[in-house]
Amino acid sequence: MDEQQLRILEDLQGEFEGELRFDAVTREVYSCDGSLYQILPLGVACPRHTEDVSKLAQYAYENDIPLSARGAGSGVAGGCLGRGIVVDFSRHMNKILHVDEKTIRVQPGVVRDQLNRHLRQFDRYFAPDPSNTALTTVGGMLAVDAAGSHAVRVGSMRDHVKSIETVLADGFVFEASRIADALSIPKPSRENDLTHRLALLLQENADLIRERQPALIRNCSGFNLRGILNETSLNLPRLLVGSEGTLGLFTEATLHTSPRPSRRGVALLAFGDLQKAIKAIQVMTGLQPSACDLLDRRLLSLAREADVRFERLIPGQAEAAVLVEQTGYTDRQVRDRLQNIIHVARNADSSVVVALETYDAEEMDFLWSLPYRVVPLLIKLRGETRPLPFVEDIAVPPDALHDFLVQAQKVFQKHWVTASLYAHAASGQVHFRPFLEVPNADNSAKIEELSRELYEVAFRFGGTVSGEHGNGLVRTAFIRSQYGPLYKVFQQVKELFDPHNLLNPGKIVSDDPHLTIRDFRANPDPQQERSELIPLQLIWNQGELEEETLRCNGCGSCRVQEDDSYRMCPFFHAEQSEVNAPRAKANLVRALITNSIDAKAFSTDEARELADSCFNCKQCQLECPSNVNIPALAVELKAQCVGEAGLPTADWYLSRAHSFGKLGVAFSPFANWALANGASRWLIEKLFGISKSRRLPKFARRQFLKTWQASRYREDKKKEQALDVVYFVDQYVNFHDPELGDAFLRVLEHHGVSVVIPRLQVTSGMAMICAGDLDAARELAEINIGILGEYAREGKQIVCTEPTAAVCLKDEYPRLIDHPDLQAVVDQTVDIGTYLQSLHAQGNLKTDLNPLKMTLGYHAGCHEKFLNPTLPWLDILKLIPELNVQLIDKGCSGMAGAFGMSANNFEHSLQMGAGLIAEMQRPDFDLGSSECSSCKFQMKQKSSLPTLHPLKLLALSYGIMPSIQRKITPDRRERTLIT
């Protein structure tokens with residue numbers, strides 16, 4: 001920290017109750033958002049309440065420090081970036097404060113979907129629906145006047161705000177609401193003086209406002225001055241909404257809620273020609289649909305690739321599709337209205353295909369997931385050019401949409417540029433994503449020129465540069481061109497509220513004509529030779545690491561919270577901190593390889609905190625729209641931290657649990673007694689960092705690899721036999737659960753599959769990899785690849801009963817070592833669930849299964865989902881007669897092996913796995929099941945229910961291991977180690 005940062009910390013210590021961070025790591029993480037821009041802030045503040053914000057603003061005012069408000073940081077305009085202090089409202093100020101009959105009071109960090117989940121119990125909802133509604137905050141929606149697909153019917157954010165608690169630049173706090181008589185001489189007060197002067201300014205320029213800011217369904221360019229002053233009544237919240245934090249900082253808001261729509265109908269119409277689709281829309285909008293969205297061919301192709309259901313619905317030859325919705329008071333009314341829409345669409349284009357017409361709530365939600373899921377997938381497209389969000393927010397009058405799009409296409413053709421198109425057509429809102437190279441010094445002029453020409457076309461049709469995403473850095477420079485002499489009034493409004501230009505300076509009002517191209521993100525060049533000064537710890541192909549960081553555009557999808565349909569990210573679900581968000585890892589690695597951050601920063605606690613907020617569950621890689629390999633980036637960060645500061649003692653012991661396994665087995669009676677004894681568990685926690693409250697597995701009496709059963713399958717006894725599969729055992733079976741190994745052998749034997757068990761194999765080393773101890777992990781990888789490679793070259797499948805072991809062999813080893821047999825091992829490795837699923841698909845899985853009359857709670861581990869998202873065990877278990885299989889879909893277990901064992905992480909682990917733990921206490925469950933040994937620890941943490949690997953249940957049902965029957969009776973006497 002420099003002298004100024006230290007002084008700020010000292011001055012605010014004891015005054016500011018939230019977090020103040022000025023370290024290099026945090027500043028780097030907050031230097032980016034979902035836009036093309038990057039600005040390194042002076043520091044980051046995470047206030048806890050309004051008083052914090054007021055004190056911070058007062059201090060900043062006195063010391064001439066700019067403040068920039070930030071919500072989810074998912075905006076594509078760069079509106080939350082600044083060189084002063086970034087104020088993160090999402091961290092702590094995310095509470096729902098009060099609900100009454102028609103309004104709700106919230107803090108700015110509340111996520112819109114969270115808000116609506118809360119309102120559902122009152123049969124109401126908050127209507128504005130931006131596309132990233134699962135992560136965008138109310139504060140962010142207020143900042144840009146967010147709208148969405150249904151804006152044509154429900155309006156935008158400013159139509160749903162009653163009042164806003166606002167902190168001005170000098171720390172003054174007031175409730176901004178509608179004022180009945182703002183033109184009368186006010187009573188002396190700061191608030192009255194401000195509103196009176198504002199009312200006089202608006203009255204003086206009423207004609208200019210009416211002329212230069214005409215009514216549009218969507219327009220958030222500049223300050224919204226139209227309709228703010230009605231005779232003597234001043235609607236101050238309507239002005240503040242859309243001001244992007246340049247007039248005040250919002251700390252609370254009272255919002256109007258609406259009754260949930262009782263009847264809806266949605267249709268997806270596929271067109272063979274984009275122009276015909278646009279013409280049809282102009283006819284359809286005359287029937288006043290509640291929403292009408294247009295998607296082009298490129299988005300439809302992505303949809304077909306992303307989900308087999310869309311592939312079945314959307315014709316392959318479709319060049320465009322229209323998603324249209326109607327609402328009504330009765331089912332008949334909705335059906336008639338939607339049929340009228342379809343009728344006029346067919347009249348406009350007889351070849352239109354009704355891909356789906358539905359009135360079912362689940363199917364309607366699925367159809368509306370089409371734009372919300374697919375538009376972010378644009379960033380997944382590879383190539384020299386990428387879809388860039390810099391002219392993605394133009395809006396025009398809906399009846400001018402067709403002609404505008406024709407002229408806009410001519411602009412793109414002039415510049416030899418293609419662009420994807422998604423439009424809220426009924427509102428005239430157009431989202432272009434031109435395909436260009438990543439912004440750099442060579443193409444910045446082209447970006448500016450293309451923007452200017454497209455905006456000039458929009459102006460000719462009475463349009464605006466920004467309909468719902470805000471101005472930020474990307475569009476502020478064009479506001480003067482849009483409004484002409486009215487721009488001076490914007491400047492006067494800014495001066496009224498923020499005379500020293502300290503609130504989000506440079507947004508909406510700016511003297512920089514080239515602001516659009518001023519602060520592009522520092523991106524690495526995949527074609528450039530990597531600097532030898534950066535000692536990378538993993539193996540990255542030329543350009544691969546750079547490409548991974550480029551594909552993370554900061555969209556914020558990894559910040560989704562409280563949604564069972566998403567597993568990413570368990571750390572962020574438990575604690576909504578930007579440092580925990582997966583994109584933070586990409587930002588920090590990008591800083592490393594672009595030399596934006598000093599390597600010494602990786603020796604700091606802040607770097608370790610960020611790196612440790614990932615335990616390699618890999619769900620972010622699955623669910624990221626661009627499938628960025630965040631887990632590998634996180635491992636690289638951990639390894640960098642270990643290289644700079646060494647491996648923490650607790651991590652050293654926990655990552656080498658396999659080394660103590662031999663000792664535990666050798667002295668299993670004593671070891672198992674010690675694991676059940678409170679005093680010895682206390683000592684173990686103090687010495688090795690293993691939580692005394694964590695329920696741990698008992699040690700077996702003998703290592704599985706040394707049992708009589710395993711010896712029958714050793715490679716030296718199988719030399720002359722034709723082999724089908726190789727069993728990779730890993731540490732849990734070897735030291736704790738040899739019965740699972742027996743079940744594996746007997747089930748495969750039951751199917752006539754010959755097995756070999758390499759005697760000298762060692763543990764996979766995943767725990768070491770997750771800790772960043774890569775040198776030690778490499779030694780294990782070399783041993784295993786050397787042993788398994790011979791079989792893999794012969795085409796033998798390597799089967800794992802532990803999904804984490806399979807992930808390690810397939811996904812981690814290629815980044816650790818370079819070995820001639822490596823790829824063969826990667827190709828031949830499979831988990832047992834996927835192996836049996838393939839047997840079933842071939843008709844070779846035996847179904848001579850005996851009934852198991854019980855209800856089973858099945859949890860799919862994260863690594864199982866990563867290996868095979870179809871969840872093979874779910875289908876296999878359902879083959880067992882009378883077994884009632886219930887999927888527990890409550891996200892990540894939060895265990896992650898060594899992470900959940902650690903005393904430092906124990907409570908955090910329980911918090912992450914709270915949903916799963918609660919499900920395991922359901923009275924209707926007879927037992928639990930998971931193929932992940934680590935997840936089973938969490939499932940049993942607060943439950944007496946037996947929890948078995950599904951392979952054991954299969955062996956029991958086949959009748960080949962009747963001894964397992966005694967394992968499926970709950971042991972009510974079993975001691976639960978909970979403090």
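Salt bridges to start. A search of the whole structure, which is a predicted model, finds 47 of them.

Take glutamate 547 and arginine 386. They form a salt bridge, and the closest N and O atoms are 2.8 Å apart. Glutamate 547 lies in helix H20 and arginine 386 in strand S19, residues 386–387, so the pair ties together parts that are 161 residues apart in sequence. Buried or exposed, these two? Glutamate 547 has 16% relative accessibility, so it counts as buried. Arginine 386 is at 11%, so it counts as buried too.

Next pair. Glutamate 453 forms a salt bridge with lysine 414, with 3.1 Å between the closest N and O atoms. This one links distant parts of the chain: glutamate 453 sits in helix H16, residues 444–460, and lysine 414 in helix H15, residues 401–414, 39 residues apart. Here the two ends differ in cover. Glutamate 453 is buried, at a relative accessible area of 16%. Lysine 414 counts as exposed, at 52% relative accessibility.

Third pair. Glutamate 578 and arginine 559 form a salt bridge, their closest N and O atoms 2.6 Å apart. Glutamate 578 is in the loop between H21 and helix H22 (582–593), and arginine 559 is in the loop between H20 and H21, so the pair ties together parts 19 residues apart in sequence. Glutamate 578 is at 1% relative accessibility, so it counts as buried. Arginine 559 is buried as well, with a relative accessible area of 4%. Which residues are linked in the network of salt bridges? Arg70, Arg559, Glu578 and Arg583.

Arg583 brings me to glycine 554. That glycine lies in the loop between helix H20 (544–551) and helix H21 (570–574). Glycine 554 is buried, with a relative accessible area of 5%. What is glycine 554 in contact with, leaving aside its neighbours within four places in sequence? Asp33, Gly34, Gly73, Ser74 and Arg583. For scale, phenylalanine 223 is 331 residues from glycine 554 in sequence, and 27 Å from it in space, C-alpha to C-alpha.

Now the sheets. 4 strands form an open sheet, with mixed pairing, in the order S1-S2-S4-S3. Its edge strands are S1 (19–21) and S3 (67–70), each pairing on one side only. From one strand to the next, the twist averages 20°. S1 pairs with strand S2, residues 43–46, in the antiparallel sense over 3 bridges. Glutamate 19 has cysteine 46 in S2 as its bridge partner. Helix H3, residues 50–62, lies across S2, S3 and strand S4 (85–88). H3 runs at about 150° to S3.

Further along, strand S23, residues 725–728. Both faces are covered. Val725 and Tyr727 are on one side, Val726 and Phe728 on the other, and all are buried. S23 pairs with strand S24, residues 755–756, in the parallel sense over 2 bridges. Valine 725 has valine 755 in S24 as its bridge partner. S23 is also joined to strand S25, residues 797–800, by 4 bridges, and the two run parallel. Tyrosine 727 stands opposite valine 799 in S25.

Last, the surface. Which residues make the nonpolar surface patch of about 500 Å²? Leu663, Phe667, Phe670 and Trp673. Leucine 663 lies in helix H27, residues 657–666.

Note on methods
Residues numbered from 1 in each chain as written. Predicted model: local features only at pLDDT ≥ 70, side-chain atom pairs only at ≥ 80, totals over all residues. Heavy atoms only, no water. Pairing = 2+ DSSP bridges. Axes fitted to C-alpha atoms, helices over the stretch in contact; angles between N-to-C directions. Contact = heavy atoms within 4.5 Å. Patch = residues over 30% accessible without salt bridge, like charges linked within 9 Å, V, L, I, M, F, W, Y side chains within 5 Å. Areas by Shrake-Rupley, 256 points an atom, 1.4 Å probe, with all protein chains shown as cover. Salt bridge = Lys/Arg side-chain N within 4 Å of Asp/Glu carboxyl O. Buried < 20%, exposed > 50% of the residue type's maximum accessible area, 1.4 Å probe, protein only.
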